[in-house]
Amino acid sequence: MGAGDGMRIIDSDVHPWINGDIEGLLPYLGMAWRRRFEGRTRLPDHPLRPPLAGATSIRGDARPPGGGAGGSDPAYMAEDLLDRYGIEHAVLSSIQAGKLATLPNTEEAVVLARAFNDFFLNEWLSVDSRYKLAACVAPHDPLEAAKEIRRIGSEEGVVAIFLPLLNTLMGNRRYYPIYEAAQEFGLPILIHPTGTEGGFQTSVAFAGGVPSTYIERHTVFPEVAMGNLASLVFEGVFARFPGLKLVMAEFGYGWVPHVLWRMDQNWREFRREVPWIDREPSGYVLDRVRFTTQPAEEPEKEEYLLQILEMIHADRTLIFSTDYPHWDNDVPKSTFRSVPEPTRQRIFYDNAAELFGLRTPAEV
Amino acid sequence: MEHHVGHVTQIPEREALIVTINGRSIGIFKVDGRLYAVKNVCPHKQAPLCRGTVGGTMLPSRPGELEFGLDGGVLKCPWHGWEFDLSTGECLFGVSDRRVATYPVEVRDEQVYLKLR
């Protein structure tokens with residue numbers, strides 16, 4: 001087994017790539033839409049690129065032998081990631097779909113979201129049943145997004161709804177049709193940095209201003225999660241949608257104790273402003289929100305990691321992820337070596353299995 | 001032990017008369033003719049609680065709805081805004097287990113008396 005100790009593994013953050021962006025989606029678009037995208041099939045990149053070979057987030061050594069970008073060949077990824085590390089299920093979310101947040105045109109975003117989902121259902125989930133999909137929706141039109149959830153929500157292997165965020169906090173009621181549909185299908189909402197933050201007028205803005213380097217924008221991604229978590233909790237979204245669950249993928253977790261404590265502290269002081277919050281706000285987070293492990297944080301002393309895991313009740317809230325094939329991916333055998341059982345197994349498998357409803361046939 | 005505080009007309013409506021008895025600072029309140037006595041120290045951060053305001057608050061409600069109630073029964077700390085039940089000293093709606101001490105107070109022949117253990 002991949003962790004070297006017989007541990008079971010679910011990877012909750014894996015990124016498949018479509019060669020040529022919209023070029024690769026053309027077979028999933030109607031004729032008129034193919035015409036519409038003629039000559040403009042590239043989705044835009046944030047101008048601040050990682051200082052790596054090719055200025056890309058994708059590992060150069062993950063390139064499939066048959067050609068194309070790393071992450072673009074489901075058969076090769078199965079070998080290079082799933083077989084190599086003994087991963088039982090890999091939840092796919094598309095960074096290219098995240099770039100829908102850059103599109104100023106609602107119809108285009110809606111049509112592309114549909115094409116992304118058809119592409120992955122057809123070209124990935126059918127190739128290997130270990131692949132699971134966080135199906136994307138266009139945040140531009142929540143009613144259309146809800147329709148898309150109802151269209152693909154019952155498809156085999158769809159385990160979450162990836163919501164690329166625009167610059168509106170998640171507690172805002174514009175999103176409620178999306179939450180309602182996701183709850184109806186028992187699918188958690190998954191958010192992930194879209195990579196467009198701070199780079200486009202429609203994208204999520206960073207607090208305080210515009211970061212000027214990749215290192216800076218990569219450092220402050222957690223801001224986005226902090227703001228959205230407070231918004232969801234205090235707007236009463238978890239109280240309105242008692243079945244709604246949320247995955248915060250790749251936003252880190254070391255900041256979580258601070259935000260939980262600060263929310264509870266403020267609630268003791270200002271409960272009357274949000275009187276629908278009738279329990280400690282942190283309780284909603286522990287019950288309904290899950291955080292992915294990658295990039296595993298590297299505190300000054302290893303014991304601090306264990307303390308943080310205890311503070312965030314990691315045996316319930318944390319789920320393992322590699323972020324393959326990105327430059328900063330974590331592999332199971334070198335991740336959380338100091339974390340004792342049974343917490344380690346809960347992080348690597350049980351928490352995600354419960355969240356996504358994933359079990360091996362023997363367990364069902 | 002019983003202490004004489006003063007004439008009932010000395011106690012303003014919904015605002016504390018703050019007295020010191022045996023070195024202990026205590027606020028005497030009158031709301032719609034009823035009297036309350038509360039220790040003038042917030043159990044949160046030792047603020048002068050009785051310099052806060054008496055009023056009502058928002059009752060637990062459904063998301064997006066507001067319902068005002070408990071008018072005259074809530075003492076709100078002037079520092080962090082913690083809310084206490086004026087008669088029991090408990091934090092409202094279980095936001096904290098901490099409570100402020102309250103004391104029995106009564107009026108005889110228009111004179112106010114406070115009982116301290």
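When I say that residues meet, or are in contact, I mean that they have heavy atoms within 4.5 Å. Please keep in mind that what we are looking at is a predicted model.

Let me start inside chain A, with two helices. Two packed helices are described by the angle between their axes and the distance between the axes. For helix H9, residues 222-234 of chain A, and helix H11, residues 256-270 of chain A, the axes come within 11 Å and cross at roughly 35°, and the crossing of H9(A) past H11(A) is right-handed. On the H9(A) side, the residues in contact are Met226(A), Leu229(A), Ala230(A), Val233(A) and Phe234(A), and in H11(A) they meet His258(A), Val259(A) and Met263(A). Sorted by class, this contact is made of 7 nonpolar residues and 1 polar residue, with no charged residues.

Now let us turn to chain B, where 11 residues of chain A are in contact with 19 residues of chain B. Between these two chains an area of about 1,300 Å² is buried, and carbon and sulfur atoms give 57% of that area. Of the area that chain A buries against chain B, 45% is supplied by Arg268(A), Arg271(A) and Arg272(A), which is more than any other three residues supply.

One of these arginines, Arg271(A), forms a salt bridge with Glu83(B), in which the closest N and O atoms are 3.4 Å apart; the count between the two chains is 2 salt bridges. Helix H10 (237-240) and H11 of chain A each supply at least two residues of the side that touches chain B, and the largest share, 4 residues, comes from H11(A). By class, that side of chain A has 5 nonpolar, 1 polar and 5 charged residues.

How values were computed. Residues are numbered from 1 along each chain as its sequence is written. Chains are lettered from A and ligands numbered from 1 in the order in which they are written. This is a predicted model: local features need pLDDT of at least 70, side-chain atom pairs count only at pLDDT 80 or more; totals for chains, interfaces and linings use all residues. Side-chain values use heavy atoms; hydrogens and water are left out. Axes are lines fitted to C-alpha atoms, for helices over the stretch in contact, and angles run from 0 to 180 degrees between N-to-C directions. A crossing is left-handed if the near helix is turned anticlockwise from the far one by less than a right angle, and right-handed if clockwise. Ala, Val, Leu, Ile, Met, Phe, Trp, Tyr, Cys and Pro count as nonpolar, Asp, Glu, Lys and Arg as charged, and the others, Gly among them, as polar. Buried area is the accessible area (1.4 Å probe) that two parts lose on being put together, summed over both. A salt bridge is a side-chain nitrogen of Lys or Arg within 4 Å of a carboxyl oxygen of Asp or Glu.
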